[in-house]
Amino acid sequence: MLMKKIIIWVIGIISITLILYMIIVNPFSDEYKVKNKFKEIGYSDNEISEIMKVIPEEDYNIILKRNYNDSLIDIITASGFKEEKLNEYLDYYEKNSENDIDNIITIVNSDYDLANYPASSLLTKLVNEKYYIDKNVARYLDYGNTHEVSTSKIVSLVNANVDLGFYNYTKETNLNDGNLVLVNKFYYLSGDYEPDDLVSLSGQYNGGVNNKMRKEAAQAFMRMVDAAILDNIIIKNSSAYRSYDYQVKLYNNYVKRDGKDAADIYSARAGFSEHQTGLCTDINVIDSSFEGTEESKWLINNAYKYGFILRFPKGKEDITGYKYEPWHYRYVGQEAAKVIYDNNLTLEEYYAYYVDNN
């Protein structure tokens, strides 16, 4: 009798254990089957737990189809991981398995088309730059791998085409850009171009022979002069619109006097002169002595309010290709001028990102 009771108790305990096992583990459940599949390809219980905690069930097949790799856990636990980008991370990782996981996460999260570019710390820093332009990535990397400069400088120089070399790969500028038309050592105006809305500056607004500007620019310049007068500041135009033929003579005279290399630093070749646009003006004294004057200080702090920018600023000579000209101001309109002023940009940098990039 005692033996029967013992057998019954054992059978009961086994039955209860089996029932509990079936309830808790349920080897016939989809979850149990998936866990077993993960184990079969090499994942540990802890790794499986991490995977199932982070990744939705519908994405399990993505992982199951790939070979076991310890770095998967590094990917899904990395700062910045986004579940919806899992497949992109894994695709990019397969091509860059030797690279840092954080770099891979950052590059994929940038949403730029970089699948064919190897991951690197340089690329990671580049995609985080404010003025990064996707189409320039190969040139960024080429320049960055051959020059010891910051990534922000790489982006600025390449966006401005400086990596191509001044006066190389030149093309006619787009006149449809209106007040933002870019004329520099890469973009030129045809020899017969002359704005059709030039007006003359006179009286208190002018002090030079070349006294014409495009109408909108001239009106803005006069408003700026009037505002300066109220602050006891006297500014006036010294040289505004110049024709192609005028620039030919001016540039050639400088070359004869100082040589071509020297002339190119402070004078534009014909067709590449911004003065031909009718949108710029040299103010007061065309000389370095203008720097630091009350008039110069006033312009630096106020010109943008009237749509003008300091065109060739100090510290940006490598971008503009010209020496600092504290007297040279360019009309771009108030909206663009404020962005350029607030962000310490040149017109080259602004144009590349806000005009040509759209």
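Reader: How are α16 and α17 oriented to each other?
Author: α16 and α17 are roughly perpendicular to each other, a label that covers angles of 65 to 115 degrees, whereas under 35 counts as roughly parallel, over 145 as roughly antiparallel and the rest as oblique. The model is a predicted one, in which local features need pLDDT of at least 70 and side-chain atom pairs count only at pLDDT 80 or more, while totals for chains, interfaces and linings use all residues. Residues are numbered from 1 along each chain as its sequence is written, and side-chain values use heavy atoms, with hydrogens and water left out.

Reader: What angle and what axis distance do α16 and α17 have?
Author: The angle is about 115°, and the axes of α16 and α17 lie 10 Å apart; axes here are lines fitted to C-alpha atoms, for helices over the stretch in contact, and angles run from 0 to 180 degrees between N-to-C directions. The crossing of α16 and α17 is right-handed, meaning that the near helix is turned clockwise from the far one by less than a right angle, anticlockwise being left-handed. On the α16 side the contact is made by Ala 336, Val 339 and Ile 340, and on the α17 side by Leu 347, Tyr 350 and Tyr 354, with contact meaning heavy atoms within 4.5 Å. Helices (H or I, at least four residues) and strands (E, at least two) are DSSP runs, numbered from the N terminus.

Reader: How many residues of α17 are buried, and what covers them?
Author: Seven of the nine residues of α17 are buried, so this helix is largely enclosed by the rest of the structure. Buried means under 20% relative accessible area, exposed means over 50%, and partly exposed is in between (1.4 Å probe, protein chains only). The buried ones are Leu 347, Glu 348, Glu 349, Tyr 350, Tyr 351, Ala 352 and Val 355, and their cover includes α10, β8, α15, β9 (328-331) and α16 (334-342).

Reader: Glu 348 has a charged partner, I take it; which residue forms a salt bridge with Glu 348?
Author: That partner is Arg 311, with the closest N and O atoms 2.7 Å apart; a salt bridge here is a side-chain nitrogen of Lys or Arg within 4 Å of a carboxyl oxygen of Asp or Glu. The pair links distant parts of the chain, 37 residues apart, since Arg 311 sits in the loop between β8 (308-310) and α15 (317-320) while Glu 348 belongs to α17.

Reader: How many salt bridges does the whole structure have?
Author: A search finds 15. One of them joins Lys 85 and Asp 111, whose closest N and O atoms are 2.5 Å apart; this pair also links distant parts of the chain, with Lys 85 in the loop between α5 and α6 and Asp 111 in the loop between α7 and α8, 26 residues apart.

Reader: Are Lys 85 and Asp 111 buried or exposed?
Author: Lys 85 is buried, at 8% relative accessibility, whereas Asp 111 is exposed, at 57%.

Reader: And which residue does Lys 297 meet in a salt bridge?
Author: Lys 297 meets Glu 294, at 3.6 Å from N to O. Because Lys 297 and Glu 294 are three residues apart in helix α14, about one helical turn separates them.

Reader: Changing topic, what is Tyr 92 in contact with?
Author: Tyr 92 is in helix α6 and is buried, with a relative accessible area of 5%. Neighbours within four places aside, its contacts include Ile 104, Leu 114, Pro 118 and Leu 123. A polar atom of the Tyr 92 side chain also lies 3.1 Å from the backbone nitrogen of Ala 119.

Reader: One backbone point before we stop: what is phi of Tyr 169?
Author: Phi of Tyr 169 is near 55°, a positive value in a residue other than glycine. Most residues other than glycine have a negative phi. Tyr 169 lies in the loop between α10 and β1 and is exposed, with a relative accessible area of 65%. Asn 284 also has a positive phi, near 60°, and is placed in the loop between β7 and α14.

How values were computed:
A polar contact is a pair of N or O atoms within 3.5 Å; within protein, one must be able to donate a hydrogen and the other to accept it, and residues adjacent in sequence count only if both atoms are side-chain atoms.
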